[in-house]
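Thanks for coming, everyone. Let me put the structure on the screen, and then we'll walk through a few parts of it.

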Amino acid sequence: MIVNVLTGLALLAGPAAADPVIGAPELTHNELYKKGRLAKIKCSLDKGTSKASTEKYVKNLVGCLNKAWGPLIPEYEDVDVKFLKNPKGTCTGVEFKDSFIDLCYGVDVRLANDWIKAKDDLAIQIQFAGAFAGVIQGQTGIGRAYSALPNDGDEKLLDEHRRRFGYQQDCLAGATMKALGRTAKNWKPLLRAEAPNPVDDGYRKHWHSKVTKNELHWFTQGYQAGSPKACNTWKAAESKVS
């Protein structure tokens, strides 16, 4: 999973919410769920193995994703790419051994030899699709509504909210990969293949935990639908977000 600052935000305290989530229309009845399929986008994404060619590739890829999602979101603001020189995330403050994406105020990308020299870009594109899931959640009010969910300090409820938020990212990433026209016989090993590697092993579990059945379910559901209509995790049964 990408480095996403929204996922780490603390939730505000308040009365415990029912399950599934109620009283948060920006989550459960967001206009995003009424949108149709993302149009398949034609992108020139020839990736070389030099730093300059990889930077150009990343800029083109992000431009394509802006083009894919922009028509679905009113007043959509194109996302810019910033290339980081420091191996430490701008918002997370976590230091990584190799390439990563830090979704902060834009898409911050640190390029190291693992991505620069890579000839197969499928798993790398999944990382960018995940980053754009966070962008979409932010620009549709979902991220803000998630952060404001009441939880009464209930750790079980907090975990459920985090899972619903995270699975929605997986679903939106799947829809993005469909728009890019990418295919795979088995997506499961690809979802973590290019996840960032933190220097401190204590953080490793946040990006390299085992891909769960439900994580794969939501990614696949988004991919098959090719639309955010399939991504309302906030009204899903508890068994689908466990």
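How many of the 18 residues of helix 4 are buried? The answer is 16, so helix 4 is largely enclosed by the rest of the structure. Buried here means under 20% relative accessible area, exposed means over 50%, and partly exposed is in between, with a 1.4 Å probe and protein chains only.

Some ground rules. This is a predicted model, where local features need pLDDT of at least 70, side-chain atom pairs count only at pLDDT 80 or more, and totals for chains, interfaces and linings use all residues. Residues are numbered from 1 along each chain as its sequence is written, and side-chain values use heavy atoms, with hydrogens and water left out. Helices (H or I, at least four residues) and strands (E, at least two) are DSSP runs, numbered from the N terminus.

Stay with helix 4. It covers residues 122-139. Its end C-alpha atoms are 26 Å apart, which agrees with the 26 Å that 18 residues should span at 1.5 Å a residue. The expected span is 1.5 Å times one less than the number of residues. After helix 4 comes Gly141, with a positive phi near 85°.

Now helix 6, residues 155-179. It has 25 residues and reaches 36 Å from first C-alpha to last, close to the expected 36 Å. Asp154 caps the N-terminal end of helix 6. A side-chain oxygen of Asp154 lies 2.9 Å from the backbone nitrogen of Lys156. Following helix 6 is Gly181, with a positive phi near 75°.

Next, helix 8, residues 213-225. Its 13 residues should span 18 Å, and the end C-alpha atoms are 18 Å apart, which agrees. Which residues of helix 8 are buried? They are Asn214, Glu215, Trp218, Phe219, Gly222 and Tyr223. An α-helix has 3.6 residues a turn, so residues three or four places apart point the same way. Helix 6 is included in what covers the buried residues of helix 8. Just after helix 8, Gly226 has a positive phi of about 65°.

How do these two helices meet? The axes of helix 6 and helix 8 come within 6 Å and cross at roughly 35°. Axes are lines fitted to C-alpha atoms, for helices over the stretch in contact, with angles from 0 to 180 degrees between N-to-C directions. On the helix 6 side, the residues in contact (heavy atoms within 4.5 Å) include Tyr167, Cys171 and Met177. On the helix 8 side, Trp218 and Phe219 are among them. By class, this contact has eight nonpolar, four polar and three charged residues. Ala, Val, Leu, Ile, Met, Phe, Trp, Tyr, Cys and Pro count as nonpolar, Asp, Glu, Lys and Arg as charged, and the others, Gly among them, as polar.

On to the loops. Most residues other than glycine have a negative phi. Glu75 is not a glycine, yet its phi is positive, about 55°. Glu75 sits in the loop between helix 2 (51-69) and strand 2 (81-83). Is Glu75 buried or exposed? Exposed, at 77% relative accessible area.

Asp152 also has a positive phi of about 55° and is not a glycine. Its place is the loop between helix 5 (142-147) and helix 6. Asp152 counts as exposed, at 54% relative accessibility.

Last, Leu72, in the loop between helix 2 and strand 2. Leu72 is buried, with a relative accessible area of 11%. Leaving out residues up to four places away in sequence, Leu72 touches Lys35, Gly36, Leu38 and Pro228.

How values were computed:
A polar contact is a pair of N or O atoms within 3.5 Å; within protein, one must be able to donate a hydrogen and the other to accept it, and residues adjacent in sequence count only if both atoms are side-chain atoms.
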